[in-house]
Amino acid sequence: MPTDSAFDLIFRQANLGGHDGPVDIGISSGRIAAIAQRIVADAPEIVIDGRAVLPGFVDSHVHLDKACLLGRCGHIRGGLKEAIGAVSAMKRGFTVEDVHARGAQVLEKAITKGTTRMRTHLEVDPRAGLRSFEAIKALKRDYAWGLDLSICVFPQEGLTNDPGTEELLVEALRDGADVLGGCPYTDSDPHLQIERLFCLAERFDLDLDFHLDFDLDPSWMHLDEVCRQALRRGYRNRVAIGHVTKLSVLPPDAFARAAERLAEAGIAVTVLPATDLYLMGREVTHNVPRGLTPAHRLLAHGVTCSIATNNVLNPFTPFGDCSLLRMANLYANAAQIGPDGFGDCIDLVTTLPARLMRLDDYGIAVGNPADLIVLDSRTATDALAEIAEPVLGFKKGRQSFSRPAASLNKP
């Protein structure tokens with residue numbers, strides 16, 4: 001029973017995973033100072049009343065620069081190639097102000113849905129120049145009160161086949177980009193792109209995050225080359241790969257071999273349910289494959305995984321409210337995961353993407369930043385099943401949003 005008058009705020013009767021009953025959480029100077037069954041102190045308090053409290057969702061893969069583009073192009077329905085082409089045609093017209101405004105829409109939605117950490121992928125090439133990068137850097141500053149934003153620059157339309165792109169990437173890395181990304185399947189020389197990106201990552205001592213193997217043809221994969229480079233260069237636990245939908249069509253033995261290779265190389269996998277379900281299998285007339293990489297099966301092999309948003313309201317994904325809880329629920333539905341796996345699905349949008357992003361100060365523990373959300377549910381797993389809305393959010397101990405629970409007006 002801690003007694004301290006130095007708390008700035010106390011959460012009363014919070015339901016935290018791993019505790020037998022409700023606990024109090026004491027906040028001081030923006031950090032968690034105490035967690036106990038009862039804290040005796042003269043400080044402002046918020047009574048949680050047994051609701052579930054989580055450390056804030058972590059969105060490890062978003063595209064802020066090309067979000068909210070519906071209505072600007074005629075492309076509404078098509079595959080991956082068509083979506084890339086549709087956005088490519090618009091990129092030359094992107095301005096700093098335009099990207100900032102659209103990105104702000106997404107960040108504000110994400111904050112109110114409980115996201116406190118995010119990695120955005122950002123296209124850098126001769127068409128977009130560094131305009132989007134400038135806008136996202138400003139968003140990182142402007143919304144630091146609500147979430148921590150990490151910027152991953154990458155060549156969406158190729159590197160070795162797109163003169164000028166590598167020079168722009170280097171300029172962005174020198175100017176503060178946090179992570180380097182890649183997209184080998186759009187390059188005329190995929191293996192050379194992978195090698196050059198690893199070289200750049202080593203030069204700037206940055207982690208890597210690739211868009212990889214984004215189709216349903218298992219006859220070829222770039223996964224092995226990424227694993228080989230990671231092991232050769234000592235980049236274990238510093239590489240993530242997104243989509244990897246080829247894994248969804250591998251037979252059990254081949255899948256197990258791929259999973260073991262990923263675990264050996266320390267490569268994390270991000271599954272992007274909304275986009276992958278929307279784009280994959282469009283050429284199939286019946287018995288359409290899901291195209292959803294089974295993250296829960298990869299976890300069983302020791303692979304770090306996450307579930308993330310990817311695109312919002314654009315040709316890649318004409319949906320999106322930035323709710324990671326809804327995304328985890330969508331994944332559980334499509335992957336046919338029952339209640340015994342709901343806890344893993346919560347981990348896929350909290351602790352596991354935090355591990356992928358190497359966030360050492362993440363989680364509800366004494367000394368960590370007080371990044372907390374309160375769900376309108378008694379437990380996190382109940383919230384997953386019901387897609388219960390977050391009702392309160394705090395970033396470094398400061399309230400970032402509130403959402404009053406719905407009330408019925410009975411006759």
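In this predicted model, Asp-162 lies in the loop that connects β8 (148-154) with α4 (165-174). The residue is buried, because its relative accessibility is 9% and the cut-off for burial is under 20%. Leaving aside residues up to four places away in sequence, Asp-162 touches Asp-125, Pro-126 and Arg-127.

Strand β7 spans residues 115-123 and is mostly covered. Nine of its nine residues are buried. Strand β6 covers residues 57-62 and is joined to β7 by four bridges. These two strands run parallel. Within this pairing, Asp-59 stands opposite Met-118 of β7. The pairing of β7 with β8 is likewise parallel and comprises seven bridges. Here Glu-123 has Phe-154 of β8 as its bridge partner. In a regular strand, side chains alternate between the two faces of the sheet.

Two helix pairs were examined next. Helix α2 (residues 96-112) packs with helix α3 (residues 131-142), and their axes come within 8 Å. The axes cross at roughly 40 degrees. The two helices are therefore oblique to each other. The crossing of α2 and α3 is right-handed. On the α2 side, the contact is made by Val-96, Val-99, His-100, Gly-103, Ala-104 and Leu-107. Helix α3 contributes Arg-131, Ser-132, Glu-134, Ala-135, Ile-136, Ala-138, Leu-139 and Asp-142. By residue class, this contact divides into eight nonpolar, three polar and three charged residues.

Helix α5 (residues 190-204) packs with helix α6 (residues 223-232). Their axes lie 10 Å apart, at an angle of about 30 degrees. Angles under 35 degrees count as roughly parallel, so α5 and α6 are roughly parallel to each other. This crossing, too, is right-handed. Helix α5 makes the contact through His-191, Ile-194, Glu-195 and Phe-198. The partners on α6 are Glu-225, Val-226, Gln-229 and Ala-230. The contact of α5 with α6 consists of four nonpolar, two polar and two charged residues.

How values were computed
Residues are numbered from 1 along each chain as its sequence is written. This is a predicted model: local features need pLDDT of at least 70, side-chain atom pairs count only at pLDDT 80 or more; totals for chains, interfaces and linings use all residues. Side-chain values use heavy atoms; hydrogens and water are left out. Axes are lines fitted to C-alpha atoms, for helices over the stretch in contact, and angles run from 0 to 180 degrees between N-to-C directions. Angles under 35 degrees count as roughly parallel, over 145 as roughly antiparallel, 65 to 115 as roughly perpendicular and the rest as oblique. A crossing is left-handed if the near helix is turned anticlockwise from the far one by less than a right angle, and right-handed if clockwise. Contact means heavy atoms within 4.5 Å. Ala, Val, Leu, Ile, Met, Phe, Trp, Tyr, Cys and Pro count as nonpolar, Asp, Glu, Lys and Arg as charged, and the others, Gly among them, as polar. Buried means under 20% relative accessible area, exposed over 50%, partly exposed in between (1.4 Å probe, protein chains only). Two strands pair if DSSP finds at least two bridges between them.
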